[in-house]
Amino acid sequence: MSSTIESDVRDEQQQDAREGFLARVALRFASVIERWFPDAFIFALLAVALVAGAALAIGASPATVATNFSTGFWDLIPFTMQMAMVVVTGYIVASSPPAERLITRLAAIPRTARGGVTFIAVVSLVTSMVNWGFGLVFAGLLARAMARRTDLGLDYRAAGAAAYLGIGGIWALGLSSSAAQLQANPKSLTPELLAITGVIPFRDTIFLWQSLFLAAVIFVVSIVIAYLSAPHKANSVTAGVDVHDVSPPLPKRERPGDWLEYSPVLPLIVGALVFGWLLREFAANDPILVISNLSTYNLLFLTLGMLLHRRPRRFLLAVKNAVPACASILVQFPFYAGIAAIMTRAQDADGNTVAHYISEGFVNIASHGTFGLVIGIYSAVLGLFIPSGGGKWIIEAPYVMQASNDLQAHLGWTVQIYNAAEALPNLVNPFWMLPLLGILGLRARHLVGFTAVQLVFHLPIVLGLLWFLGDTLTYTPPVQP
């Protein structure tokens, strides 16, 4: 499949002539990114060196810096596992046989090439609000299914970019938001961060009307741009897509001991136990608090995935296929924890830390009114180099949230400022595209030409709304558990 795509796009000058000015610029920019951007892990190591150097510069001793990095390295193990499970469970649900049958039906709906791209964008945005891992895989499978339709003439590059819009624009404002989930779960927070922010439930982050309004605006803008930037059928670069399934057929049972692995009985028993407990939890407690518990959220998706796959053997094969997609989380998050430990624990002679000095800098350059704009720009720029919603929040939160306290800015909205701004660089950074690219058989440069057009419009709209909506909220001091 990839060889077909390469043959379709080998003449880049001819491609550029087919697109408008913004697309031509974006395609050139995508080529630069793919050629010069190293793996995100390199940026994590670079961040360790820079933060360690900053701590030494303010007067912390080398022994203190080394000790804080090493002792803080494992602080986020529970959260690391939780975020890895968001990816795994989302992949499992999206690749289940019922999901594949639904994808086949959905792929038959569009009647035009541009309508197909727009429909994929809608599906990506909606599903990513529930679970970004699910949305990324589900929309990618939908794009591939539509590409099989020879009558549609779908532009495969535009379809792939549309499938990526959920994680490139709106996922962080939804239920699987790393920062919002982290702030709602005190056991996942480091002691230093908990002291600064307290516990912030979903009603003060993703369920704020301001956040829902922002999500709605991004949703509409993304769909409109996806439609207008998608080539007509006559100019589409199509692909010959193979028909193998993400979940291949199960091999036949070879021995009597395999019976339970192929039987749906045990998954049904476990599913009944879990969903019985969940119904009781939702009936006895505030539903918002229940779903904001990251462990409960992951248990729900894991159980749902197991029931949708029905047989333990098929379920385990789906898990095996999903695990590579979370490899970067497992490796990089401990480094982010070590970085945060240096920033918040390594002190100078006056007892101040790197995080303290950065928060003072934000207080000096921002006011209550401009806080959202300043933090939004900062988070978006940093996201180019640290493409991790949860890991980057651990680094930013200590000084960003302290500045929020100092300037009397709404703490929950500060989380949402981060969420909305952090998603922007995903539109041009290929890091989170990797699972999708594997499904589609494409390379990052095939998608970034279209996602960069989205960024051109998203950037001023998102930053402007973050600035404007911040004035509609009042400050509440941190609430400790």
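Which residue's side chain meets that of D155 in a salt bridge? The partner is R157, with an N to O distance of 2.9 Å, where a salt bridge is defined as a side-chain nitrogen of Lys or Arg within 4 Å of a carboxyl oxygen of Asp or Glu. This is a predicted model, in which local features need pLDDT of at least 70 and side-chain atom pairs count only at pLDDT 80 or more, whereas totals for chains, interfaces and linings use all residues. Residues are numbered from 1 along each chain as its sequence is written, and side-chain values use heavy atoms, with hydrogens and water left out.

**Salt bridges**

- Both D155 and R157 are buried, a class that means under 20% relative accessible area, with exposed meaning over 50% and partly exposed lying in between (1.4 Å probe, protein chains only).
- By the stated rule, the count comes to six salt bridges.
- R313 pairs with E261 in another salt bridge, whose closest N and O atoms are 2.3 Å apart.
- This pair links distant parts of the chain, 52 residues apart, with R313 in helix α18 (residues 312-322) and E261 in the loop between α14 (209-229) and α15; helices are DSSP runs (H or I, at least four residues) numbered from the N terminus.
- R313 counts as partly exposed because its relative accessible area is 22%, and E261 is likewise partly exposed because its value is 27%.
- Salt bridges that share partners join D75, E192 and R345 into one network.
- In the salt bridge between D151 and R149, the closest N and O atoms are 2.9 Å apart; D151 is partly exposed, because its relative accessible area is 48%, whereas R149 is buried, because its value is 16%.

**Nonpolar core and a buried helix residue**

- The largest nonpolar core holds 145 residues, of which I120, L214 and L466 touch the most other members; such a core is a set of buried Ala, Val, Leu, Ile, Met, Phe, Trp, Tyr and Cys residues joined through side-chain atoms within 4.5 Å.
- Helix α9 (residues 132-147) supplies the largest share of this core, namely 12 residues.
- Leaving aside neighbours within four places in sequence, L214 is in contact (heavy atoms within 4.5 Å) with L173, W413, A420, L465, L466 and L469.
- T296 sits in helix α17 (residues 294-309) and counts as buried because its relative accessibility is 10%.
- Not counting residues up to four places away in sequence, T296 touches W277, L278 and V290.

**Nonpolar surface patch**

- W259, L260, V265, L266, I269 and L273 form a nonpolar patch on the surface, with about 590 Å² of accessible area together, the areas coming from the Shrake-Rupley method with a 1.4 Å probe.
- Patch members have over 30% relative accessible area and no salt bridge, and nonpolar side chains (Val, Leu, Ile, Met, Phe, Trp, Tyr) are joined within 5 Å, while like charges are joined within 9 Å.
- I269 lies in helix α15 (residues 265-284) and is partly exposed, because its relative accessibility is 46%.

**Backbone angles**

- Most residues other than glycine have a negative phi.
- R310, although not a glycine, has a positive phi of about 70 degrees; R310 lies in the loop between α17 and α18 and is partly exposed, because its relative accessible area is 41%.
- Q408, which is not a glycine either, has a positive phi of about 60 degrees; Q408 lies in the loop between α22 (389-406) and α23 (411-423) and counts as partly exposed because its relative accessibility is 41%.

Definitions and conventions
Helix = DSSP H or I, 4+ residues; strand = E, 2+ residues; numbered from the N terminus.
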